[in-house]
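Please keep the model open while working through them.

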Amino acid sequence: MIAMSHRSTTYIGPFALARTLAWLRLCAIAGQSVAVLVCAWWMQLQIPLLPLLVGIGLLAVFSVFAAWRLRQPWPVREWETIGHIAADTLVLGYLLYFTGGASNPFITLLLVPIALSAAALSVRAILAVAALAGVAYVILLYWHVSLPMPMHGEVRGGFSLHVAGMAVNFVISALLLGFFINRLAHALRVQQLEVQRVRERALRDEGILAIATQAAGAAHELNTPLSTMRTLLPELRREHVGDTSLAEDLALLEGQVDRCRTILREMVAFGKAQLSQEPERLSVTEFIHGCLERFQLLRPEAELTLELDDTTAQTVLRTPPGLRHALLNLLNNAADASASRHSHAVELLVSRDTGWLQLSVRDHGPGFGATGEPTLLGHSQKQSGLGIGLALAEATAERLNGEMIAGNTDHGAEVCLRLPLAVIAEK
């Protein structure tokens with residue numbers, strides 16, 4: 001099945017960086033706690049344990065605040081993200097101050113915020129973050145508490161403490177930069193795909209608007225010739241009363257003219273309803289049967305099967321004007337597809353699924369292509385028609401915050417309109 005809906009995504013920028021920093025902060029709290037305890041208890045280094053644990057505790061408190069902030073509805077600004085980085089840099093500098101300052105191999109962790117900011121913030125913000133890191137480095141270079149043992153003294157396994165720290169720092173930096181920059185790059189790719197989708201949707205909507213404009217003009221122009229034909233046809237019937245076959249043809253033409261006038265009146269009513277934005281209030285039963293009556297008039301040869309359970313049938317809808325036309329387009333497409341295989345069978349399944357109304361239309365035709373691309377373009381594999389039925393139905397689904405799902409069944413194709421009841425149902 002091919003889903004034609006697109007849900008919200010996370011864009012790269014201050015919010016994405018702030019969220020990445022929140023996860024990174026949790027990793028830092030865990031890593032710093034382990035490092036301090038290992039140095040104090042396992043390596044028996046005489047480090048100021050209490051001040052270091054206080055610094056880690058302050059970072060934990062700020063982490064809780066940052067997590068609460070990210071859940072708030074107001075947007076995260078760039079200056080606020082810089083503030084989060086400043087807090088992290090301050091705590092890291094505080095911890096490095098008590099553990100050797102710039103001579104501590106973990107001093108290079110000051111570069112991590114700069115690398116992350118380069119992928120998400122403006123040049124001015126990156127310079128601000130770099131300045132923070134630079135100031136912290138210079139301060140730690142001259143003011144710090146030296147470790148109680150030589151940085152290059154031998155430890156277990158023949159490695160110096162400094163070299164061992166550099167190795168651990170390398171692994172941590174590689175993991176952090178690799179993982180979190182990948183997350184930011186993924187957010188950028190998602191943003192690019194979203195921009196492309198919006199551009200394609202705008203082009204499609206522009207085409208639909210052009211068609212609607214032409215249809216409105218054609219409807220206005222057709223009204224005059226239809227009125228003329230409706231006036232002349234009864235006179236022709238009276239003049240040729242004795243010609244039975246001609247009278248039957250004229251009666252058929254008169255019926256077709258009345259049908260065209262009805263369609264034009266519905267087009268005008270639809271346009272007025274769109275402008276007023278006043279939806280109809282109908283039960284699902286009334287809405288579905290109204291659509292089916294119209295469909296049977298358009299396609300009297302179609303053999304339509306309806307499946308509608310009692311619970312769904314009693315649901316009251318605030319029916320948007322375009323929904324009826326979307327369903328009729330799908331039914332008409334299904335009838336055309338079935339006709340291409342010398343069948344008149346069309347199935348309509350109406351159901352509810354956890355807050356969604358599902359309108360599934362099945363045919364007995366050739367189905368969609370293997371790639372599913374025809375559904376995105378609004379075309380099935382039928383050879384006749386204008387080829388915009390699916391595109392119009394998809395546009396209606398998107399306007400109602402729904403989705404259109406298309407795929408193949410054992411006998412043909414199935415197109416399902418899924419619409420949120422929160423949008424279309426009467427409260």
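UniProt positions are given in the numbering used here, feature names are shortened, and annotations may be inferred rather than shown by experiment. The model is predicted, so local features need pLDDT of at least 70 and side-chain atom pairs count only at pLDDT 80 or more, while totals for chains, interfaces and linings use all residues. Residues are numbered from 1 along each chain as its sequence is written, and side-chain values use heavy atoms, leaving out hydrogens and water.

1. An unreviewed UniProt entry lists residues 21–43, 49–70, 126–145 and 157–181 under "transmembrane region". Residues 21–43 are 96% helix and 0% strand, with end C-alpha atoms 30 Å apart. Helices (H or I, at least four residues) and strands (E, at least two) are DSSP runs, numbered from the N terminus.

2. Helix α2 (residues 49–70) holds both F62 and F65, 3 residues apart, about one turn of the helix. These two rings form a tilted aromatic pair, 6.1 Å centre to centre with 40° between the planes. Rings of Phe, Tyr and Trp (its six-membered ring) pair if their centres lie within 6.5 Å; planes under 30 degrees apart count as stacked, over 60 as edge-to-face and the rest as tilted.

3. The rings of F65 and W68 also form a tilted pair, with centres 6.0 Å apart and planes at 35°. One aromatic cluster is formed by F62, F65, W68 and W74.

4. R418 lies over the face of W356, 4.5 Å from the ring centre. For this, CZ of Arg or NZ of Lys must be within 6 Å of the ring centre and within 35 degrees of the ring normal.
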